[in-house]
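Please open the structure in your viewer and keep the selection tool at hand. The tour below moves from one selection to the next and says what can be found at each stop.

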Amino acid sequence: MNAKTKKNAVVHSALLVALSLAGGQAVHAAGAKATEIPPDWQPCAGVAKAGMNDCASKLHACAGLSKIDNEADSYVYMPKGLCERIAKGTVLTKEDVKKMMEMQKKM
Amino acid sequence: MPPLHELQRAFAAAMMEGKGLTVTTSMRTGPARRSLALYRRLIRNNYVQTLKITYPVLRRLIGGHYFNVFARGYLKRYPSTSGDLFAYGQHFPLFLLQLESPRVLIELARLEWACHELHQVADSPLPSQEWIQTLATVDPSAVTFRLNPTVRLLRCVLPVHRVWYALQPEADGNGIDGLSLSPEEGGLLVTRGRGKIHVRSLSPNQWWLLQAVRDRKTVAVVECMAREFMPDLDLAQFLTGLSDPVMGPVFSLEIHP
Amino acid sequence: MTLHCPAPIPARAGIGLRSYHFREIMESPPPVAWMETHPENYFGEGGTALRTLERIRVDYPLSFHGVGLSLGSTDSIDSTHLRKLKEVFDRFQPTFVSEHLSWSSVDGRFLNDLLPLPYTEESLNLVCAKIDETQTELQRSMLIENVTQYLTWPDSTIPEAEFMAEVVRRTGCGILLDLNNVYVNAVNFHLDPVRFLNAIPSEAVQEIHLAGFDRVGRWLVDTHGQAVYPEVWSLYEWALHHFGPRPTLIEWDTNLPPLAELVEQASQADAMLGACYATPA
């Protein structure tokens, strides 16, 4: 076995290991879709996305809003103001906030 | 009495455009105008709420005020075209791009839409042990890669996944305080594993390899790419890392006789 | 898991299934007879929502309450939407499938809400044609629900209850009677709820919804975000006496309480349903 073939063999067996990890405990015919629910499946992951059409069914039927007036919307996660926040990192800069103000005017 | 189609069209216009809230001449009364105003506010609010659920991290980043402004602007430009609200908001990244928004917002929006889509895609196939054993006997040029449905590859310039993780509701720490973003080559790998969404960054070489997976190249070709052009990459380790059942397996294989 | 037929739903109380309660339901299955949910939330090809519903369906009969078909719209039925409904009905075998007597789209633009329909010969013909088409395509009958309206069309020529009765007569569909909506409309427009109920064909009523409302300025708004109000419980008692016992859903869509509170409302309804059987004929 030359070096090239040997390396192929190494990678190939790594693929087998990789697929074994992915396969877990499912035992199904090749190509069949898994129907077994993995034992540690989290039943509530991403549940917010599981009820999008609740918003359509009745007025206000989503996100727990009970007031009509949306103007005085509270910040979900912002203990500090936007301007203070931009001083501490580069995710949002003063330039970005300026741009957002420009965007606001276009609407 | 106007035909039904005309009434519905006029009502819809009153909802979305809001100009001249009267729908028909017989509805120029005060009570009718108030009714229409009520419907209008409630309908628009529904769409803002829907976008909040779809883009929660973006909203946390820019705050409720700007988010509401952009959400209302989005509704005007890209009104709903489906009876399934899961589909609403698909063009929000494009909308932000068209308004020359800061790049971090555009790319974060793209990431959030990918995460949103992944919640409803088909489950990834789980290979059986028997099938894996069969693979061991097959010529690598007869086996092709498949990118699993629970995967999205995003060509982002900024590592916005760091913002995404920092602003999750259950994240500890100071959010984005002190977080710096500088452009990186490569891209982002978004996967769904056991219902949860995970985001990882990819180096340029890893990105290129995953493009080959997406393009259904054979195992032989991918091995060749790694061998010839990425001497520093441990392909075995990379592929094993991509098969983590917790984060969701990224690829599957097909045998061609 | 392949289902081949729906499970029967008795004339007992059920609860609305919301993703908010998924975890609680999985951990301690509530003592209710059935559950109802929006089929549109299960239009995907995989993921948490579908998995959870599969688990729940093992233990509970289901009713699917659609919100996106837009039966009152002058647009034709969206074939993709109908196809997805058929797929999800085949997969989960719901006992009841229902939609609303309203519209939510025109010229391909959707408003994703339940909009008021003028009650005229024209809208009657339209709604009946679309219900016929839907029932034929789905190969089953459906229930139509009365909605709240915050606007009365001056062009309406047929009262709402008579309109529904005629739709039933022409299409053979059933009625999902939402007593909260009856009450809210009655208060908002100074109507008599009993007059409405008297005009509804009794045999057509196959399901009843009970819910709460909110007051917003001059309006009662059908938010379904509170416990059922005493006035609506009274109307329910009257309806049970008039129509007889029917499967009854506690519908709570916003401001969601812990599961136990929903179950408590359901058991109140169950008590009243039980009383129907206890009363000598």
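## A guided tour

By class, the residues that line the second largest cavity are eight nonpolar, three polar and one charged. Before going further, please keep in mind that this is a predicted model.

**Stop two: the barrel of chain C.** Now show chain C as a cartoon and follow its strands in the order S1-S2-S3-S4-S7-S8-S9-S12, which make up a closed barrel of eight strands with parallel pairing. Neighbouring strands of this sheet are turned against each other by 30° on average, direction ignored. For a detail of the pairing, select strand S2 (residues 35-37) and strand S3 (residues 62-65) of chain C, which pair in the parallel sense over three bridges.

Next, select strand S5 (residues 103-106) and strand S6 (residues 109-115) of chain C, which pair in the antiparallel sense over three bridges. What is the bridge partner of C:Trp103 in S6(C)? The partner is C:Leu115. S5(C) and S6(C) form a hairpin with two residues between them, and C:Asp107 in the turn has a positive phi of about 55°.

**Stop four: two helices of chain C.** Select helix H4 (residues 121-138) and helix H5 (residues 160-171) of chain C, whose axes come within 10 Å and cross at roughly 40°. H4(C) and H5(C) are therefore oblique to each other, and H4(C) passes H5(C) in a right-handed crossing.

**Stop five: the second largest pocket.** Please bring chain B into view alongside chain C, and select B:Asp84, B:Phe86, B:Ala87, B:Gln120 and C:Lys84, which lie nearest the centre of the second largest pocket among the 34 residues that line it. About 780 Å³ of space lies in this pocket. Helix H5 (103-118) of chain B and helix H3 (79-92) of chain C each supply at least two residues of the lining, and H3(C) gives the most, with eight residues. The lining of this pocket divides into 13 nonpolar, twelve polar and nine charged residues.

**Stop six: the open sheet of chain B.** Staying with chain B, select its strands in the order S2-S3-S4, which form an open sheet of three strands with antiparallel pairing. Strand S2 (151-154) and strand S4 (196-202) of chain B stand at the edges, each with a single partner strand, so one side of each has no neighbour in the sheet. On average, neighbouring strands of this sheet are turned by 20° against each other, direction ignored. If you then select strand S3 (residues 187-193) of chain B together with S4(B), you have a pair that runs in the antiparallel sense over seven bridges, in which B:Leu189 has B:Arg200 of S4(B) as its bridge partner.

**Last stop: two helices of chain B.** Finally, select helix H8 (residues 204-214) and helix H9 (residues 219-229) of chain B, whose axes come within 10 Å and cross at roughly 160°. That angle makes H8(B) roughly antiparallel to H9(B), and H8(B) passes H9(B) in a right-handed crossing.

Technical notes:
Residues are numbered from 1 along each chain as its sequence is written. Chains are lettered from A and ligands numbered from 1 in the order in which they are written. This is a predicted model: local features need pLDDT of at least 70, side-chain atom pairs count only at pLDDT 80 or more; totals for chains, interfaces and linings use all residues. Side-chain values use heavy atoms; hydrogens and water are left out. On a 1 Å grid over the protein atoms alone, a cavity is a set of points where a 1.4 Å probe fits but cannot get out, and a pocket is an open set with protein on both sides within 12 Å along at least five of seven lines; lining residues have an atom within 4 Å of a point. Grid points are joined across faces, edges and corners, and a volume is the space filled by probe spheres set on the points. Helices (H or I, at least four residues) and strands (E, at least two) are DSSP runs, numbered from the N terminus. Ala, Val, Leu, Ile, Met, Phe, Trp, Tyr, Cys and Pro count as nonpolar, Asp, Glu, Lys and Arg as charged, and the others, Gly among them, as polar. Two strands pair if DSSP finds at least two bridges between them. Axes are lines fitted to C-alpha atoms, for helices over the stretch in contact, and angles run from 0 to 180 degrees between N-to-C directions. Angles under 35 degrees count as roughly parallel, over 145 as roughly antiparallel, 65 to 115 as roughly perpendicular and the rest as oblique. A crossing is left-handed if the near helix is turned anticlockwise from the far one by less than a right angle, and right-handed if clockwise.
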